[in-house]
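Biologist: I am new to this structure. Please show me how to read it.

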Amino acid sequence: MTKAILNTLFIGLLLAYPVLIYFGLQHFSLTSIAPLLLVAIIGRYLFSKSASKTMPWLLPATILGTGCVLLAWFLNNSKITLFYPVLISTTMLMTFAYSLFKGPSVIESFALLEEKRKAKDNEQVTLPLHVVNYTRNVTKVWCAFFSINIVISMYTILSDDLALWTLYNGLIAYIFMGLLMTGELIVRHFAKKRHGLQS
């Protein structure tokens with residue numbers, strides 16, 4: 001129970017990373033907020049380590065995020081902390097894109113895990129070809145999303161407007177992500193109906 005609470009707390013802190021940076025730098029020094037950011041990044045990994053197999057980007061994202069904050073702290077340059085969302089999106093883009101070449105795709109892995117969870121005999125679970133193709137296409141869409149997100153996030157850094165950076169990376173990017181997830185659920189619903197499957 002305590003582990004779940006701490007994990008949720010660390011996830012919440014990381015989701016609020018842009019807001020923490022914005023308000024933290026307004027009222028405190030980088031030296032004051034860097035330890036909190038490091039605790040959130042490292043704590044998130046330690047309490048989610050068991051999920052590393054299904055989310056292979058966790059470890060590289062943790063290493064890059066930790067390095068980003070440490071470098072900003074060491075150089076006393078708060079602008080370096082703004083690169084954290086770009087690093088996370090880049091890590092996820094590389095993970096998702098690599099899975100398309102290596103196989104199975106990230107989304108196919110999620111679908112397979114879900115089917116195994118439902119099945120009594122995990123060893124016998126396989127996905128039909130049309131599901132494999134669908135999940136590969138969804139993985140490609142996420143690759144496109146991460147690519148666009150990296151470009152916009154970089155633009156907000158180069159704009160030297162901390163409020164704009166916070167607004168995009170702390171709100172608009174999450175809204176876009178939510179819209180993409182919702183859109184995918186709707187498309188999946190109709191795709192299942194087309195193949196005579198239950199939603």
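Modeller: We will go from overall fold to core to surface. This is a predicted model, where local features need pLDDT of at least 70, side-chain atom pairs count only at pLDDT 80 or more, and totals for chains, interfaces and linings use all residues. Residues are numbered from 1 along each chain as its sequence is written, and side-chain values use heavy atoms, leaving out hydrogens and water.

Biologist: How many helices and strands does the chain have?

Modeller: Helices (H or I, at least four residues) and strands (E, at least two) are DSSP runs, numbered from the N terminus. Here there are eight helices and zero strands.

Biologist: Where does UniProt place the feature "transmembrane region"?

Modeller: Such annotations may be inferred rather than shown by experiment. The unreviewed UniProt entry lists residues 5–23, 29–47, 54–75, 81–101, 141–158 and 164–187. Residues 141–158 are 100% helix, with end C-alpha atoms 26 Å apart.

Biologist: Which residues touch the most other members of the largest nonpolar core?

Modeller: A nonpolar core is a set of buried Ala, Val, Leu, Ile, Met, Phe, Trp, Tyr and Cys residues joined through side-chain atoms within 4.5 Å. Buried means under 20% relative accessible area, exposed over 50%, partly exposed in between (1.4 Å probe, protein chains only). This core has 36 residues, and Tyr17, Ile21 and Trp142 are among those touching the most other members. Helix H7 (129–158) is one of the helices that each supply at least two residues.

Biologist: Is isoleucine 175 buried or exposed, or partly exposed?

Modeller: Isoleucine 175 sits in helix H8 (residues 162–194). It counts as partly exposed because its relative accessibility is 43%.
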